[in-house]
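Subject: Structure for your review

Dear colleague,

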Amino acid sequence: MNNGLSGIKNVIWALAIVAALIALLIGLIFTFSVRYYGDKQDGTMLLGSGTQVAAGNGKLSPDDGSYSAQGSTSAQLNELPSTQDAGLEYVFGLTFLCDKTFTGINSYSEIYGGSAAAQIWTDDGTGLPAASAASTSIVLDDGTRITPANAAAIYQPKRLVIYIGSDYLSSATQESFVSGYEQLINSIRSASSETTIICCSIASVGSSYPGADGLTPSLISEANEWIKQVCSDTGVYYADLASLLNDSNGCMADEYVSPNGRSIGSSGIAKVVEYFRMHGV
């Protein structure tokens, strides 16, 4: 009897061992066929305080640490939207940071602005190049010379329209132009964080412009592409005044250019005012 029980136990033990070996073999086969590599990386890396940056080429915006990929579709051009007529009061409630080619807006404002005359920030006549605009002094109504950022800190403009870029353009590189323009925008943002910034493309020169400053329609067209890059990189609004004022040959239309061949004449300023009336933010 005992021998019979012992035989049954041995058979059970043998079957158990065989089952265990089969399970082990199955486990080994599964392990080698589906290999574990640890937690998968999500394509981001952490910088310092925990800012996430996607893998690949990109850069951090100097003002808020936000990421934008170089050449990616995430940095889109934010064109000024078409709206209903906002009226002259809206236009002359804007603040304009501009070079001398655009200062005709001042006379138009005084004539048609009524109780709301636009605030004009411009240079002293020596130029307002994009590459050094952040450090160039502008002249206030009382003659005070001050940087654009300091003016923004004092006046806290609700909307600031920037029209610069043609001064000393022939000696600027894309790198210096874009870097200087972005530095200007970021300095204004730091001084007046609630200000809505609108950057304008540059109108070309007239077809017969004889200037010795090297300005040509093709050079200005190239600079406007740089301005688009600045707007995309910083997320500010882009206003395409060049398309508004230029003719089919890329020159400023004769009806809009001033006698000096470079500045925007009164008819051109009226066209710009009309544009801003219909593109409110």
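In this message, a residue is called buried when its relative accessible area is under 20%. Please note that the model is a predicted one.

I begin with strand β10, residues 159-163, where that definition is needed. The strand is mostly covered, with 5 of its 5 residues buried. Arg159, Val161 and Tyr163 lie on one side of β10, Leu160 and Ile162 lie on the other, and each of these residues is buried, so that both faces are covered.

The sheet comes next. Strands of a sheet pair through backbone hydrogen bonds, in either a parallel or an antiparallel sense. Here 6 strands form an open sheet with parallel pairing, and their order is β5-β12-β11-β10-β6-β7. The edges are taken by β5 (78-79) and β7 (119-121); each has a single partner strand, so one side of each has no neighbour in the sheet.

The pairings of β10 can be described from both of its sides in that order. With strand β6 (residues 95-98), β10 pairs in the parallel sense over 4 bridges, and cysteine 98 stands opposite tyrosine 163 of β10. With strand β11 (residues 196-200), β10 likewise pairs in the parallel sense over 4 bridges. There, arginine 159 has threonine 196 of β11 as its bridge partner.

The bridge partner of glutamate 79 in β12 is tyrosine 238. Helix α6 (residues 217-234) packs on the sheet, where it touches β11 and β12; the direction of α6 makes about 155° with that of β12.

Two helix pairs also deserve a description. Packed helices are described by the angle between their axes and by the distance between those axes.

The crossing in which α4 passes α5 is right-handed. On the α4 side, the contact is made by Pro148, Ala149, Ala152 and Ala153; on the α5 side, it is made by Leu184, Ser187, Ile188 and Ala191. Sorted by class, this contact has 7 nonpolar residues, 1 polar residue and no charged residues.

In the second pair, the axes of helix α3 (residues 104-112) and helix α8 (residues 266-277) come within 9 Å and cross at roughly 70°. This angle makes α3 roughly perpendicular to α8. Gly104, Ile105 and Tyr108 of α3 meet Ile269, Ala270 and Val273 of α8. By class, the contact has 5 nonpolar residues, 1 polar residue and no charged residues.

Finally, I would draw your attention to two loop residues. Glutamine 156, in the loop between α4 and β10, has a phi near 45°, a positive value in a residue other than glycine. At 41% relative accessibility, glutamine 156 counts as partly exposed. Tyrosine 168, in the loop between β10 and α5, also is not a glycine and has a positive phi of about 60°. Its relative accessibility is 52%, and tyrosine 168 therefore counts as exposed.

With kind regards

Technical notes: Residues are numbered from 1 along each chain as its sequence is written. This is a predicted model: local features need pLDDT of at least 70, side-chain atom pairs count only at pLDDT 80 or more; totals for chains, interfaces and linings use all residues. Side-chain values use heavy atoms; hydrogens and water are left out. A crossing is left-handed if the near helix is turned anticlockwise from the far one by less than a right angle, and right-handed if clockwise. Contact means heavy atoms within 4.5 Å. Ala, Val, Leu, Ile, Met, Phe, Trp, Tyr, Cys and Pro count as nonpolar, Asp, Glu, Lys and Arg as charged, and the others, Gly among them, as polar. Buried means under 20% relative accessible area, exposed over 50%, partly exposed in between (1.4 Å probe, protein chains only). Two strands pair if DSSP finds at least two bridges between them. Axes are lines fitted to C-alpha atoms, for helices over the stretch in contact, and angles run from 0 to 180 degrees between N-to-C directions. Angles under 35 degrees count as roughly parallel, over 145 as roughly antiparallel, 65 to 115 as roughly perpendicular and the rest as oblique.
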